[in-house]
Amino acid sequence: MFTSNPFAGLSASIPPAAMQTYVVIMIVLVAAGTLFDVVHKGSAKYFFDSWRKSKSKGAKQLGGGELVSIAMKTGLVDFLASGEFCNAPRRVAHLLTMYGFVIYVVTTAVMVFGFPTPATLTPAILPQLWWLGGLMVCLGGYWFWFFIRVDVLAEGHSPFRVVRADLFILSLLASVTLGLIWAFLQTKGGSGAGVLFGLYIIATTVLFGSVPWSKFAHMFFKPAAAFEKRVSNANGSRSNLPGPADKPEQFGTARQQPRHY
Amino acid sequence: MPTFVYMTRCDGCGQCVDICPSDIMHIDKTYRRAYNIEPNMCWECYSCVKACPQNAIDVRGYADFAPLGHSVRVLREEAKATISWRLKFRDGREKNFVSPIRTTPWGSIKGPAEYDAPRPEDFAKQELAHEPEGLNIEGGLPTLRPGQLKQGVV
């Protein structure tokens with residue numbers, strides 16, 4: 001099961017060209033949706049305005065080398081290691097979901113374009129990574145949805161209330177979960193694989209087609225915001241925040257995490 | 001001076017929602033980030049501003065007494081037990097303050113429920129419950145002697 005390419009098995013009923021066209025359409029939808037999101041919300045304009053403001057207020061002008069160093073720190077800490085999160089379980093869940101999704105999407109594209117039929121033998125590592133990525137998304141995603149998702153008991157909403165903010169995480173979980181179940185049924189030759197595949201395609205289309213309405217685009221604008229924050233700390237403007245107090249850290253913390261569902 | 005949230009900084013952790021005494025900091029339905037649902041009901045206690053781990057909450061002064069272009073921001077550092085304020089005036093002047101929050105580790109002070117219940121004979125005494133140890137005045141109530149007073153006060 002973990003070593004067979006589910007898309008090669010599908011080629012008997014759906015031509016590889018159709019699968020490849022679908023993947024290209026999804027890529028175009030993400031790119032177009034992100035651009036629309038950037039223009040519609042003015043996030044790029046906001047970023048460059050904040051950048052200019054921070055530069056003019058900064059006590060220190062940053063050189064090219066310092067900016068490159070800040071960009072590398074942003075990439076390594078804030079983007080690759082989700083350094084933004086102050087809650088450790090949330091950070092782990094985010095890392096699982098993010099890397100799982102990347103592995104899952106990349107292996108899907110490689111299998112669909114490189115090994116679309118049983119005629120070209122798929123290296124066992126690809127389906128294994130596909131399964132691993134999918135399971136990482138499920139682990140991180142369901143952990144987030146059921147235990148970490150931000151909403152508080154005090155608001156009195158049902159834990160199962162679904163709002164627009166859930167569009168991204170729910171369509172992601174639906175797409176990956178249905179994809180894994182479909183692959184399992186197809187390998188085992190179980191009935192219902194066709195229906196599961198249909199649902200998998202619907203969920204995947206919603207995931208990639210809903211970029212302007214979901215928070216899918218956060219993976220593009222969050223690193224920009226993290227970079228701007230680091231630059232403002234480095235040039236002294238610190239977004240008008242006071243600098244850290246010149247005292248030792250000796251009293252620990254009494255902070256408790258908010259109560260969620 | 002109602003609070004507002006920098007959406008690019010907020011990671012929607014919910015700390016401000018939990019701490020807001022007016023219950024007006026909520027999580028929005030579109031982006032799952034915090035926002036002030038009723039600025040008119042904000043009493044500027046700064047609880048959410050201090051609690052925010054991302055420093056994503058700021059306070060906007062009403063234009064009738066807070067001039068445009070000013071800034072009042074605060075940084076609470078629990079481990080250092082300090083609170084720092086940075087005030088910027090629109091003419092460019094700036095004032096910075098650092099104050100201690102406490103001098104002992106968090107959680108090191110016994111709460112009232114952690115003391116033994118008063119005994120019946122304690123009710124006949126002049127002291128209140130858990131005095132003098134609760135007030136740290138085992139040697140008796142501190143009293144000023146005339147010699148300790150500043151000259152000119154007596």
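How close do the axes of H7(A) and H8(A) come, and at what angle do they cross? Point 3 takes this up.

1. Basis. This is a predicted model, in which local features need pLDDT of at least 70 and side-chain atom pairs count only at pLDDT 80 or more, while totals for chains, interfaces and linings use all residues. Residues are numbered from 1 along each chain as its sequence is written, with chains lettered from A and ligands numbered from 1 in the order in which they are written.

2. Chain A overall. Chain A has nine helices and zero strands, where helices (H or I, at least four residues) and strands (E, at least two) are DSSP runs numbered from the N terminus. Along the sequence the pattern is α-α-α-α-α-α-α-α-α. Taken along the principal axes, the C-alpha atoms of chain A fill a box of roughly 65 × 45 × 35 Å. Of its 261 residues, 30% count as buried; a residue is buried if 20 or more other C-beta atoms, placed from the backbone, lie within 10 Å of its own, exposed if 12 or fewer, and partly exposed in between. Contacts are pairs of residues whose C-beta atoms, placed from the backbone, lie within 7 Å. Among contacts in chain A between residues at least 6 apart in sequence, 82% join residues at least 24 apart.

3. H7(A) and H8(A). The axes of these two helices come within 8 Å and cross at roughly 155°. Axes here are lines fitted to C-alpha atoms, for helices over the stretch in contact, and angles run from 0 to 180 degrees between N-to-C directions. H7(A) is therefore roughly antiparallel to H8(A); angles under 35 degrees count as roughly parallel, over 145 as roughly antiparallel, 65 to 115 as roughly perpendicular and the rest as oblique. The crossing is left-handed, that is, the near helix is turned anticlockwise from the far one by less than a right angle (clockwise would be right-handed). Residues of H7(A) in the contact include Leu172(A), Leu178(A), Gly179(A) and Trp182(A), and those of H8(A) include Ala193(A), Leu196(A), Phe197(A) and Tyr200(A). By class, this contact has 14 nonpolar, five polar and no charged residues. Ala, Val, Leu, Ile, Met, Phe, Trp, Tyr, Cys and Pro count as nonpolar, Asp, Glu, Lys and Arg as charged, and the others, Gly among them, as polar.

4. Cores. The largest nonpolar core has 40 residues, and those with the most contacts inside it are Val137(A), Leu172(A), Val176(A), Trp182(A), Leu196(A) and Tyr200(A). A nonpolar core is a set of buried Ala, Val, Leu, Ile, Met, Phe, Trp, Tyr and Cys residues joined through C-beta atoms within 7 Å. A second, separate core of 19 residues includes Val5(B), Ile27(B), Ala51(B) and Ala56(B).

5. H2(A) and H5(A). Helix H2 (residues 16-41) of chain A packs on H5(A) at an angle of about 145°, with the axes 9 Å apart, in a left-handed crossing. Met19(A), Gln20(A) and Val23(A) in H2(A) meet Ala109(A), Val112(A) and Phe113(A) in H5(A). The residues of this contact are five nonpolar, one polar and no charged.

6. Interface. Contacts join 38 residues of chain B to 31 residues of chain A. On the side of chain B that touches chain A, two or more residues come from each of helix H1 (15-19) and strands E2 (25-27), E5 (71-77), E6 (82-88) and E7 (94-100) of chain B. The largest share of that side, five residues, comes from E6(B). By class, the side has twelve nonpolar, 13 polar and 13 charged residues.

7. Backbone points to check. Ser82(A), in the loop between helix H4 (64-79) and H5 of chain A, has a positive phi of about 50° although it is not a glycine. Ser82(A) is partly exposed, with 19 other C-beta atoms within 10 Å. Ala81(B), in the loop between E5 and E6 of chain B, also has a positive phi, near 55°. Ala81(B) counts as buried, with 23 C-beta neighbours inside 10 Å. The peptide bond from Glu131(B) to Pro132(B) is cis, with omega near 10°; Pro132(B) lies in the segment after E7 of chain B.

Technical notes
Two residues are in contact if their C-beta atoms, placed from the backbone, lie within 7 Å.
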